[in-house]
Amino acid sequence: MADAVGADGVVPRARPDGPLMDFWQPAYIGVGSNLNDPRSQVLRAFGSLAEISDTRVVLVSRLYSSQPAGPVAQPDFVNAVAGVITRLSAEALLVQLRAIESAFGRPDRHEKWGPRVIDLDILVFGRERRTGPDLTLPHPGVVERNFVLYPLADIAPDLEVPGLGRVAGLKGRIASTGLRAL
Ligand code: ADP
Ligand code: MG
């Protein structure tokens with residue numbers, strides 16, 4: 001069935017299942033790609049993030065080129081971070097990110113360290129700290145990955161990463177090896 005058009009002519013966005021929080025939380029999303037013109041994939045992903053219901057993109061970082069980590073030989077990545085506010089829960093936001101990854105053609109099963117057309121990770125969600133099979137917050141890579149910390153510091157140098165410290169301080173401990181602002 002087609003969406004009903006409201007009196008203002010705006011088609012309401014589909015709501016994900018699950019309760020909405022009655023307050024807005026800040027969250028930071030890591031965006032990466034190293035396939036099919038990675039730069040344009042990252043820019044397109046910013047647009048898709050802006051389409052998630054009950055979520056607003058507030059800031060995006062510069063784009064960075066980074067050299068791949070891990071055992072698989074593959075093209076360089078383009079990485080960036082988006083700052084959003086959202087009324088979705090962290091789980092509901094992750095569902096939306098997985099849906100965007102699928103829409104970009106990322107297969108559900110893939111090599112852990114392999115190339116990808118898009119990767120969307122929740123780096124930080126409010127003050128949440130948790131470890132689980134589907135969701136670990138803050139994202140375990142935040143403190144060690146320069147391609148996360150440098151773009152995050154572009155938009156949120158004063159952010160306190162729950163349990164880990166301030167972004168600018170964390171960034172100061174990690175070399176920019178292999179990283180280049182585009
Ligand atoms: P990676 O991003 O580590 O290269 P994937 O994108 O394939 O690998 O994610 C692997 C799994 O990581 C997913 O099944 C997801 O449920 C889980 N995961 C755990 N914490 C997070 C998080 N904070 N953000 C995104 N995915 C997460
Ligand atoms: Mg991921």
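Helices (DSSP runs of H or I, at least four residues) and strands (runs of E, at least two) are numbered here from the N terminus. Because this is a predicted model, local features are described only at pLDDT of at least 70 and side-chain atom pairs count only at pLDDT 80 or more, whereas totals for chains, interfaces and linings use all residues. Residues are numbered from 1 along each chain as its sequence is written, and chains are lettered from A and ligands numbered from 1 in the order in which they are written.

**Figure 1. Overall arrangement of the predicted protein.** The protein has four helices and eight strands, which follow one another from the N terminus in the order β-α-β-β-β-α-β-α-β-β-α-β. A residue is called buried if 20 or more other C-beta atoms lie within 10 Å of its own, exposed if 12 or fewer do, and partly exposed in between, with C-beta atoms placed from the backbone. Of the 182 residues, 31% count as buried. Two residues are in contact if their C-beta atoms, placed from the backbone, lie within 7 Å, and among contacts between residues at least 6 apart in sequence, 68% join residues at least 24 apart.

**Figure 2. Strand 4 and its pairing partners.** Two strands are said to pair if DSSP finds at least two bridges between them. Strand 4 is mostly covered, with nine of its ten residues buried, and it pairs with strand 1 in the antiparallel sense over nine bridges. Strand 2 (residues 55–60) also runs antiparallel to strand 4 and is joined to it by five bridges, while strand 3 is joined to strand 4, again antiparallel, by three bridges. Gly 83 of strand 4 is the bridge partner of Tyr 28 and also stands opposite Leu 59, whereas Val 78 of strand 4 is the bridge partner of Ser 65.

**Figure 3. Gly 32 and its surroundings.** Gly 32 is found in strand 1, and it counts as buried because 25 C-beta neighbours lie inside 10 Å. Although Gly 32 and Ala 80 are 48 residues apart in sequence, their C-alpha atoms are 6.6 Å apart in space. When neighbours within four places in sequence are left aside, Gly 32 is in contact with Phe 77, Asn 79 and Asp 119.

**Figure 4. The largest nonpolar core and helix 3.** A nonpolar core is a set of buried Ala, Val, Leu, Ile, Met, Phe, Trp, Tyr and Cys residues joined through C-beta atoms within 7 Å. The largest such core holds 37 residues, of which Ile 29, Val 81, Leu 123 and Leu 152 touch the most other members. Two or more residues of this core come from each of strand 1 (25–33), helix 1 (38–50), strand 4 (77–86), helix 2 (90–103), strand 5 and helix 3 (146–155). Helix 3 is itself mostly covered, since seven of its ten residues are buried, namely Phe 147, Val 148, Leu 149, Tyr 150, Pro 151, Leu 152 and Ala 153. These buried residues of helix 3 pack against strand 1, strand 3 (64–66), strand 4, strand 5, helix 4 (167–172) and strand 8 (179–181). Beyond its neighbours within four places in sequence, Leu 152 is in contact with Tyr 28, Ser 61, Val 81, Leu 123 and Val 167.

**Figure 5. The shell around ligand 1.** Ligand 1 is surrounded by Leu 94, Asp 119, Asp 121, Ile 122, Asp 134, Leu 135, Thr 136, Leu 137 and His 139, where a residue is taken as near a molecule if its C-beta atom, placed from the backbone, lies within 6 Å of it. Strand 5 (residues 119–125) gives three residues, the largest share of this shell. By class, the shell has four nonpolar, two polar and three charged residues, with Ala, Val, Leu, Ile, Met, Phe, Trp, Tyr, Cys and Pro counted as nonpolar, Asp, Glu, Lys and Arg as charged, and the others, Gly among them, as polar.

**Figure 6. Backbone geometry in two loops.** Most residues other than glycine have a negative phi, and most peptide bonds are trans. In the loop between strand 1 and helix 1 lies Asn 36, which has a positive phi of about 55° although it is not a glycine. Asp 37 lies in the loop between strand 1 and helix 1 as well, and its phi, near 60°, is likewise positive in a residue other than glycine. Asn 36 counts as exposed because it has 12 C-beta neighbours inside 10 Å, and Asp 37 counts as exposed because it has 12 C-beta neighbours inside 10 Å. The peptide bond from Leu 137 to Pro 138 is cis, with omega near -15°, and Pro 138 is found in the loop between strand 5 and helix 3.
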